[in-house]
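Here's a friendly walk through a protein model for anyone meeting it for the first time. Have a look at the picture below, then read on.

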Amino acid sequence: MTLFSPEILLMLSYNCYYATPSRVYHFSKPIDYILQKKLQKQPLCHFNWVEEEKRMSISPGYAEVVSLQQTNAGSWMKYLMYKSPATYRHCVRVALLAEIIAPYLNLSEQDNASFIRGCFLHDVGKVRVPNDILHKKEHLSEWEWNILRKHPVYGEDILKNHSFFDANILDLVRHHHERYDGEGYPAGMYGKSIPLFARACSVIDAFDSMLSVRPYRKPFTKEQAYQELSRNRNTQFDGKLVDMLISISTEEMSLYFSYIYSKEK
Ligand SMILES: [Fe+2]
């Protein structure tokens, strides 16, 4: 069975909460096991926890999963999971996309891990946004928008005093809503001055949002989402990164598509 990155394992651990809410700590299982069960519509609770724990505790990712859980960011993500399950699932999917596109960014092993971890954490700052703003179905007032737009800065604030998160992760979280044309927030950075990880996260964040169910619109099809990204090349997004995502084969993206379609429909 393939073991995915520690981040992916951690992200998927929330499934176990749904399966066994009495369990007091996170436990992770490989994504293909979860997908298989979800696609077969089988419950996850029919599971030998003791055996699984033994198996996972000797797996390469386990120590890192535990250390991420022990940071305050791990606690905040757990809180986000309860506060806004849809946002949490979005973070999971953005990290899953990050894992798929990371090889195309030619990153070092450490940067690769930082990119995926940063994508998972990109919306952690939403824990500080009041529920009535985060979940409002009507249009937000300007005042409410201003609060929501603080989530990248809140996110950086949550992560910044922990050595587990490097500068690349902090930059990604703070700047994932910058736009290539300088019209984004919080800093209004422009073009390549926006850190690479934040530019890449912005593309996959938008892609996943387009494919997601929203109260006010139907989800985009894959084709519509690719078209929308292309339409915003070099305005909202770094055009090269858009091209990179679009060039990835459906086969390589299949795990992500299985996941979003199994969750959202
Ligand atoms: Fe965000």
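Which helix is the place of lysine 222? Lysine 222 sits in helix H14, which covers residues 222-231. Threonine 250 is 28 residues away from lysine 222 in sequence, and the two C-alpha atoms are 9.9 Å apart in space.

**The big picture**

Before going further, keep in mind that this is a predicted model. The protein has 16 helices and zero strands. It runs to 265 residues, and 35% of them count as buried. Take the contacts with a separation of 6 or more: 67% of those are between residues 24 or more positions apart.

**The core**

Now for the inside. The largest nonpolar core holds 47 residues, and the ones with the most contacts inside it are Ala95, Ala98, Cys119, Val124, Val203 and Ile204. The elements giving two or more residues to this core include helix H6 (72-83), helix H7 (85-101), H8, helix H11 (151-159) and H12, and also helix H13 (196-211), helix H15 (239-247) and helix H16 (254-264). Which helix gives the most to this core? That would be H7, with nine residues.

Setting aside its neighbours within four places in sequence, alanine 98 is in contact with Phe115, Ile116, Cys119 and Ile204.

**H8 and its partners**

Helix H8 covers residues 109-121, and H12 covers residues 167-175. Two packed helices are described by the angle between their axes and the distance between the axes. Here are both values for two pairs that involve H8.

| Pair | Angle between axes | Axis distance |
|---|---|---|
| H8 and H12 | about 35 degrees | 9 Å |
| H8 and H13 | roughly 50 degrees | within 10 Å |

Start with H12. H8 passes H12 in a right-handed crossing. On the H8 side you'll find Asp111, Ser114, Arg117, Gly118 and Leu121, and these meet Asn168, Ile169, Leu172 and Val173 of H12. The residues of this contact split into four nonpolar, three polar and two charged.

Then there's H13. H8 passes H13 in a right-handed crossing too. The angle is roughly 50 degrees, and therefore H8 and H13 are oblique to each other. Phe115, Gly118 and Cys119 of H8 make the contact with Phe197, Cys201 and Ile204 of H13.

**A covered helix**

H11 is mostly covered, with seven of its nine residues buried. The buried ones are His151, Pro152, Tyr154, Gly155, Glu156, Ile158 and Leu159. What covers them includes H6, H8, helix H10 (142-148) and H12.

**An aspartate inside**

Is aspartate 208 buried or exposed? Aspartate 208 is buried, because it has 21 other C-beta atoms within 10 Å and the mark for buried is 20 or more. Its place is in helix H13. Leaving out its neighbours within four places in sequence, aspartate 208 is in contact with His90, Arg93, Val94 and Leu97. Leucine 97 is 111 residues from aspartate 208 in sequence, yet their C-alpha atoms are 8.6 Å apart in space.

A last stop is the backbone. Most residues other than glycine have a negative phi, and most peptide bonds are trans. A few places here go the other way.

Tyrosine 185 and proline 186 are joined by a cis peptide bond, with omega about 5 degrees. Proline 186 is found in the loop between H12 and H13.

Asparagine 106, in the loop between H7 and H8, has a positive phi near 50 degrees. It has 8 C-beta neighbours inside 10 Å, so asparagine 106 counts as exposed.

Where does asparagine 234 lie? Asparagine 234 is in the loop between H14 and H15, and its phi is positive as well, near 60 degrees. Asparagine 234 is exposed, with 12 other C-beta atoms within 10 Å.

Notes
Residues numbered from 1 in each chain as written. Predicted model: local features only at pLDDT ≥ 70, side-chain atom pairs only at ≥ 80, totals over all residues. Axes fitted to C-alpha atoms, helices over the stretch in contact; angles between N-to-C directions. Helix = DSSP H or I, 4+ residues; strand = E, 2+ residues; numbered from the N terminus. Left-handed = near helix turned anticlockwise from the far one by under 90°. Contact = placed C-beta atoms within 7 Å. Nonpolar A, V, L, I, M, F, W, Y, C, P; charged D, E, K, R; others polar. Core = buried A, V, L, I, M, F, W, Y, C linked by C-beta atoms within 7 Å. Parallel < 35°, antiparallel > 145°, perpendicular 65-115°, else oblique.
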